[in-house]
Amino acid sequence: MDLVLDVLDTNLLTPHVYPTSWKEDDMTRQFTTLMVLMNIGGVVIYLVAASLNYYFIFDHRLMNHPLFLKNQIRRELKVALGSIPYMSFPTCLLFLAEVRGYSRLYDNTSDSSLGIFSIPLSVFSFLFFTDMAIYWIHRWLHHPSVYRYLHKTHHIWKVPTPFASHAFHPADGFLQSVPYHIYPFLFPLQKYVYLLLFLFVNFWTVSIHDGDYRVPESLKPYINGSAHHTDHHLFYNYNYGQYFTLWDRIGGSFRTPSVFEGKDLIDEAMQYQLKKGKSGQNGAAENGSTSNGVRHRKP
């Protein structure tokens, strides 16, 4: 995050916002900036990613499913926007430690003994490490002694939309993000790659809540996508992984997505809507009216 702070300090904060007497390397100033950045930036990333997905990818027919809640999107937004400020506080403490040089982030590939090859290696290791850590954190959050207090909030949404992606209890959301933040304290990582991975993680989190189950056939056994995560929301104790199915297979919690077995939530939604429509027509007929509200005189 020091790259972002440098840009903000140079172009905005030092000349226009903060007094010149407040030094750029002052810890209080850095934390203040990080808090503002994470609250504004976090909300913007969430709203942009979720909105784009909702309007261009999410199948709106899922909103007809009987498990889709009344005013669900508004409720998802309320939980997410209410949680982000609380999640940002401990997150910014970790970012502050990173900015002040306690992490293993580096500027240039020349700083690594592997040179340019450090980039693909670090991306792979980041995904592997965070997927493993999130699996066990997520599984722990489903323990009966913890679930009702923290993770149950996120499982209100049985048929989630992209706006459910960040709709967590604040402690739950932060705990599941910890692996992303501690990785650069444990392993070397190039700073720009870290920022790109940070964005990727947010967009991926949105994507596994969007109801778009398409995955290349060859990757279905390995990628923990929206189909897997939808079943997690429905059946609770399966498919805890973030990107891959590896740890679910190792931990005995893997479940083949229902949609891969021909049980589609969209079909269920359409059948429910059809039954609802027929029920409405029958009720209208009994009351001497049609579904468009025009009264008919009984013979």
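## A tour from a buried aspartate to an enclosed cavity

Select D231 to begin: with a relative accessible area of 3%, this residue is buried (under 20% is buried, over 50% exposed, and in between partly exposed, with a 1.4 Å probe and protein chains only). The model is predicted, so local features need pLDDT of at least 70 and side-chain atom pairs pLDDT 80 or more, while totals for chains, interfaces and linings use all residues. Residues are numbered from 1 along each chain as its sequence is written, and side-chain values use heavy atoms, with hydrogens and water left out.

**Salt bridges**

R255 lies in the loop between α9 (246-251) and α10 (265-286) and D231 in helix α8 (residues 226-235), so the pair ties together parts 24 residues apart in sequence. Helices (H or I, at least four residues) and strands (E, at least two) are DSSP runs numbered from the N terminus. R255 is partly exposed, at 25%.

Next, select D107 and K191, a salt bridge with its closest N and O atoms 3.1 Å apart. D107 is in the loop between β1 (105-106) and α4 (118-141) and K191 in helix α7 (residues 191-207), so this pair ties together parts 84 residues apart in sequence. K191 counts as buried at 12% relative accessibility, whereas D107 is partly exposed at 38%.

**The largest cavity**

Now select M87, H166, G173, S177 and N202. What do they lie nearest to? They lie nearest the centre of the largest cavity, which is lined by 28 residues. On a 1 Å grid over the protein atoms alone, a cavity is a set of points where a 1.4 Å probe fits but cannot get out, and lining residues have an atom within 4 Å of a point. The volume of the largest cavity is about 540 Å³, taken as the space filled by probe spheres set on the points, which are joined across faces, edges and corners. Colour α6 (170-186): this helix gives the most to the lining, with six residues.

**Helix α2**

Finish at Y55, in helix α2 (residues 27-56). Y55 counts as exposed, at 59% relative accessibility.

Key. Salt bridge = Lys/Arg side-chain N within 4 Å of Asp/Glu carboxyl O. 1 Å grid on protein atoms, 1.4 Å probe; cavity = no way out; pocket = protein on both sides within 12 Å on 5 of 7 lines; lining within 4 Å.
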